[in-house]
Amino acid sequence: MSTVSTSFGDAAIMLRRNFKHTVRNPVTVFQAVLFPVVMMLMFVYVFGGAFKVTGEYVDYAVPGLTVMAITYGLGPTAAAVNGDMTKGINNRFKAMDVSHGAVLAGYVVSTTVRSLIADAVIIGVGFAMGFRPHASFLQWLAVIGLMLLLAFATSWLTVAMGLAAKTVESAGMATVPLIMLPFLSSAFVPADTMGTGVRQFAEYQPFTPIIETLRGLLSGGHPSTGDAFAAVAWSVGFTLVGYVWAIATFRKRA
């Protein structure tokens, strides 16, 4: 059997293992899928009337909530990756001649799929709450592509953080900045309504151009070229940094 076929087979086994762990852990399911829905209900029905936005608030909030749904599921991944490392499970995989790439791919792909499921739930609940996008078929494809790219990028970054952390607890805490950044973006209120200092931070942090690009596409309009370029650049940058960091750390510690 070729090396490529073996690697794909190993990756499929690792992916199936990670999916089983996710299904068996209700905390992971709640944090990754259900908690973003709770946040959506709270922001739209409790706080939405206090925010000044153009159009219906649910239409404004859904793009930011899809990004938040991706970041909220990262903590369990970092903790799981670190747990496998510190308990010696990855050393057992090494002894079984399972490729390094297959082990990491299992973490990344399972987290990416879980993030996309969370996004689908957010959009579905959004429709039930009155969300009415005006995106064309091609714009929907662009939305899905950008969400996939962001989920893939943050998954690699999270796996790297989990591998680099010394304990399971610190691995979970390492993802807090990624979870908090959407709150300090244009996810819930326009950046130009924020105070000096916070506004500049919101405008130039990674998630704002991603959210604005999603918002522009879902509204049926044309997102800013600068925002679209920045959204892809940040996502690709996260992927490269996470990939290189994860590979280097895994080879050092495994």
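Visitor: Which residues form the nonpolar patch on the surface?
Guide: Leu41, Met42, Tyr45, Val46 and Phe47, with about 480 Å² of accessible area together. Patch residues have over 30% relative accessible area and no salt bridge, and nonpolar side chains (Val, Leu, Ile, Met, Phe, Trp, Tyr) are joined within 5 Å. Areas come from the Shrake-Rupley method with a 1.4 Å probe, and for residues only the protein chains shown count as cover.

Visitor: What kind of model is this?
Guide: A predicted model, where local features need pLDDT of at least 70, side-chain atom pairs count only at pLDDT 80 or more, and totals for chains, interfaces and linings use all residues. Residues are numbered from 1 along each chain as its sequence is written, and side-chain values use heavy atoms, leaving out hydrogens and water.

Visitor: Back to Phe47: where is it found?
Guide: In helix 2, residues 26–47. Helices are DSSP runs of H or I, at least four residues, numbered from the N terminus.

Visitor: How many salt bridges does the structure hold?
Guide: One. Glu212 pairs with Arg215, with the closest N and O atoms 2.7 Å apart. The cut-off is a side-chain nitrogen of Lys or Arg within 4 Å of a carboxyl oxygen of Asp or Glu.

Visitor: Where do Glu212 and Arg215 lie?
Guide: Both are in helix 11 (residues 207–218), three residues apart, about one turn of the helix.

Visitor: Is Arg215 buried or exposed?
Guide: Arg215 counts as buried, at 11% relative accessibility. Glu212 is partly exposed at 24%. Buried means under 20% relative accessible area, exposed over 50%, and partly exposed in between (1.4 Å probe, protein chains only).

Terms used. Patches are made of residues with over 30% relative accessible area and no salt bridge: like charges are joined within 9 Å, nonpolar side chains (Val, Leu, Ile, Met, Phe, Trp, Tyr) within 5 Å. Helices (H or I, at least four residues) and strands (E, at least two) are DSSP runs, numbered from the N terminus.
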